[in-house]
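Here is a friendly briefing on charged pairs and a surface patch. Take a look at the structure first, and then read on.

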Amino acid sequence: MRYVGMQTQIRRNNTLSILLLLMFPTIILGMVWVFLAALNYFGNGYPDEYGEMVYQLDISTVNYYFVTAIPWVVAGVLIWFVIAYFGNVAMVRQATGARPVTRKENPRLYNIVENLCMTCNMDMPKINVVDDPQLNAFASGINAKSYTVTVTTGLMELLDDDELAGVLGHELTHIRNHDTKLLITSIIFVGIISTIMSVVVRMMYETLWYGGGRRRSNSKEGGGLSLLVILLIGVVCCAVAYIFTLLTRFAISRKREYMADAGGAELCGNPLALASALRKISHNPGLDNVKRADVAQLFIIQPDEMKQGLMSFMDSLFSTHPDTEKRIAILEQF
């Protein structure tokens, strides 16, 4: 099985990374404009001659405040991104419970990674291990200093050397194709949208439970209702923005997993070994304690717990991983 199109895939992922960097701030700015428009519309209401509230939207005023807010929004997003950019290693390690491993501690794992890196002429990434009896692996990082390959202890115990080499080759290919950089970028921006949504929902909760009881007069009740409507619109804006971020994540084609499978098969020289490893992992995928779906998208196979419940259908729609059986079938053709 010959792995072809690597440079094309790398160029494609670099292009997607740039598009993501542009798309997410655009979504955030659009959400800010809509929120300012709602604030202007419901904040400038006045009673007519019949006592009914009349609302009007002043576009020029909205645009003025939007232009004024742009530097603050961009600065806030930039600060968040810089912090997350340099803190992504700690973020992933904290979410997964991974720890670094040395050659002395695990020469088998270290030597397999080193041999694969020599085969494809790439720099040696960091190697981490998660103490988990189940099976899983993932690659992470955004540059040469942070590139990391992580495996569970259960994976090392159950897989033989050829199977383990296939899995490690798969993860190294993700690094070579800059898939990890693309995914970490999406995780950072999805985190921004999620945080904004959480803040707005919290404000809405405070207004409902603590603000309503103190507003007794008709005018105050009207003001409280307007505030509640504004917060509700804020929640809707955040939800729409979050859906768009999921759609942009979905734009990260599932072909990257097939490409990583092909690259892993070529590196280890045994497609059937990687197919066997995927089948074993699919029977008992680990890292169940990782509750963050954004981090779980890094895994070679998602844990079963993340595929259950009402959201499983939505998860499958926005999943960046193809069906495992299809991946195995393709590998077994060669």
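**Salt bridges and a surface patch**

Arg99, Glu105 and Asp131 are linked in a network of salt bridges, each one a side-chain nitrogen of Lys or Arg within 4 Å of a carboxyl oxygen of Asp or Glu. By this rule the count comes to eight salt bridges. This is a predicted model, where local features need pLDDT of at least 70, side-chain atom pairs count only at pLDDT 80 or more, and totals for chains, interfaces and linings use all residues. Residues are numbered from 1 along each chain as its sequence is written, and side-chain values use heavy atoms, leaving out hydrogens and water.

**Pairs across the chain**

- Glu163 and Lys280 form a salt bridge, with their closest N and O atoms 2.9 Å apart.
- This pair links distant parts of the chain, 117 residues apart: Glu163 is in helix H5 and Lys280 in helix H9 (helices are DSSP runs of H or I, at least four residues, numbered from the N terminus).
- Glu163 counts as buried at 5% relative accessibility (buried means under 20% relative accessible area, exposed over 50%, partly exposed in between, with a 1.4 Å probe and protein chains only).
- Lys280 is partly exposed, at 28%.
- Arg279 and Glu332 meet in a salt bridge of 3.1 Å, N to O.
- Arg279 lies in helix H9 and Glu332 in helix H12, so this pair ties together parts 53 residues apart in sequence.

- Arg103 and Glu114 meet in a salt bridge through their side chains (2.9 Å, N to O).

Notes. Helices (H or I, at least four residues) and strands (E, at least two) are DSSP runs, numbered from the N terminus.
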